[in-house]
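Keep the structure in view as you read.

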Amino acid sequence: MCIFLLFLFPLSYVLFKKLLRSKSKLPPGPTGLPILGNLHQLGKFLHRSLHKLSLEHGPVMLLRLGVVPVVVFSSKEAAKEVLKIHDLETCTRPKMVAAGLLTYNFKDIGFTKYGEDWREMKKLVGLELFSPKKQKSYRYIKEEESDLLVKKLSNHAQTETSVDLGKTLFSFTAGIIFRLAFGHNFHECDFIDMDRVEELVIESETNVGALAFTDFFPTGLGWLIDRISGQHSKMHTGFTKLSNLLQHVINDHLKAEQPEDHLDLVSVMLDMINKPTKSDSFKITSDHLKGVMSDVFLAGVNAGVITMIWAMTELTRHPRVMKKLQEEIRATYTRLHPPAPLLLPRLTMSDIEIQGYNIPKNTMIEINTYAIGRDPKIWTSPEEFIPERFLNTSINYKGQHFELLPFGSGRRSCPGMALGITIIERCLLNLLYFFNWILPKGMTIEDIDMEELGSINIAKKVPLELVPTLHQ
Ligand code: HEM
């Protein structure tokens with residue numbers, strides 16, 4: 001261990017000094033420790049720690065995590081320069097160990113580097129899952145799942161019992177996404193238990209978002225610390241569970257012939273794996289299939305569920321808004337609780353200049369939409385839940401307004417945006433149209449806990465339990 005430290009100190013120092021020498025005007029940032037850099041200044045929630053540091057050091061801030069330079073952007077102007085003007089130079093992803101494991105060595109869309117694989121996979125999934133034609137043909141799935149949701153909630157309303165909204169909305173969203181992408185009706189599937197799937201999604205997401213030392217200390221030290229701390233085995237245990245589930249779904253497809261007129265994403269990709277291709281063209285492998293399934297499994301479900309839970313939490317805390325919204329249903333909640341507050345990390349592919357600062361090639365980039373959503377220069381009373389602030393403005397969530405980026409922006413923005421929004425709108429519409437919501441007996445609005453949980457996607461820690469009552 002000591003030998004590693006002896007090696008690492010001069011290495012990280014030399015690398016960072018080289019970076020400092022290479023350009024005159026690097027962004028400001030907090031002074032770090034020789035080996036750790038600024039790692040010791042990061043708390044449990046990265047988005048909150050980075051927000052706090054940026055209030056002291058500015059909206060373009062340079063940190064060093066181990067030997068890795070990271071620039072954090074926390075203003076609308078800076079985010080716009082990165083995601084719009086320098087999108088092409090920053091649209092690759094850093095290689096992180098946990099992401100590599102869960103995506104079968106970066107054979108997915110979300111974590112793969114910018115290039116042919118990413119383009120081909122995005123095209124394929126765009127056609128087979130997100131296209132308006134596919135969405136139209138799958139409308140009946142959304143309708144069936146909505147009916148099931150309303151039926152479940154009506155039972156609670158009749159018996160006046162509280163419902164754990166997190167579990168109910170997870171089952172609704174996963175029900176739709178898994179039927180669309182994997183062709184499985186999970187309510188009728190014997191090898192899936194929805195509670196275990198929910199645990200697995202949360203476990204996998206926590207693993208993929210956790211900081212692994214291997215990512216920040218490239219010599220053997222990080223590798224060793226991750227093994228000693230148990231991080232390595234935690235990641236591998238989670239991955240094995242996910243892998244078994246995905247393999248189960250694939251085996252099921254291989255066993256039964258799929259109807260020609262109703263091929264889901266898994267069937268289409270299995271078909272492509274077996275088809276001969278020209279030697280120089282892109283070849284889909286079983287790792288691509290599992291990588292994409294992993295993306296759908298992780299990116300497709302939780303972000304939507306988290307958005308809806310935060311929306312219902314804020315609405316319950318603000319009965320005035322709940323009432324108004326029930327009169328005029330609309331969805332404008334993603335500023336205070338963006339489900340992925342730091343988007344996904346980017347990596348610069350060349351030296352660039354942003355807001356007058358030099359950002360060298362191979363710098364990791366984080367866009368803090370949580371900080372932007374709380375910037376008093378943009379929002380009046382930023383911490384307050386006032387959805388009416390969006391009435392009479394042109395601001396929307398689609399990635400052209402850099403003060404509100406729940407789906408990111410540019411080349412690496414969320415390809416599932418339209419599907420995600422349809423699910424959220426449909427679900428909230430059902431929740432707010434058919435039901436009124438009250439807190440369980442003995443609980444007041446002040447008792448609603450607002451603590452967060454998670455790493456990439458930030459969920460509500462304590463389950464939201466409410467009692468629905470039927471609205472005539
Ligand atoms: C309300 C629902 C959703 C929200 C809020 C959301 C949010 C996001 C965000 C913030 C990113 C990162 C963007 C960036 O780094 O600039 C992202 C990427 C991604 N999302 Fe979503 N998402 C949602 C639904 C979905 C669904 C339903 C799917 C698929 C079934 C999906 C698949 C993906 C993929 C594959 C990426 C990676 C794109 C790339 O790197 O090229 N998302 N999403």
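Leu 149 counts as buried because it has 21 C-beta neighbours inside 10 Å. A residue is buried if 20 or more other C-beta atoms lie within 10 Å of its own, exposed if 12 or fewer, and partly exposed in between; C-beta atoms are placed from the backbone.

This is a predicted model: local features need pLDDT of at least 70, side-chain atom pairs count only at pLDDT 80 or more, and totals for chains, interfaces and linings use all residues. Numbering starts from 1 along each chain as its sequence is written.

Leu 149 sits in helix H8 (residues 139-159). Helices are DSSP runs of H or I, at least four residues, numbered from the N terminus. Beyond its neighbours within four places in sequence, Leu 149 is in contact with Thr 168, Phe 172, Cys 427 and Asn 430. Contact means that the C-beta atoms, placed from the backbone, lie within 7 Å.

Now turn to helix H13 (residues 231-255). Its 25 residues should span 36 Å at 1.5 Å a residue, and its end C-alpha atoms are 36 Å apart, so the two agree. The expected span is 1.5 Å times one less than the number of residues. Buried residues in H13 include His 232, Leu 242 and His 253. H9 and H15 are among the elements covering the buried residues of H13.

Next comes the ligand. Of the 25 residues around it, Gly 300, Gly 408, Cys 414, Gly 416 and Gly 420 come nearest.

Technical notes: Helices (H or I, at least four residues) and strands (E, at least two) are DSSP runs, numbered from the N terminus. Two residues are in contact if their C-beta atoms, placed from the backbone, lie within 7 Å. A residue is near a molecule or strand if its C-beta atom, placed from the backbone, lies within 6 Å of it.
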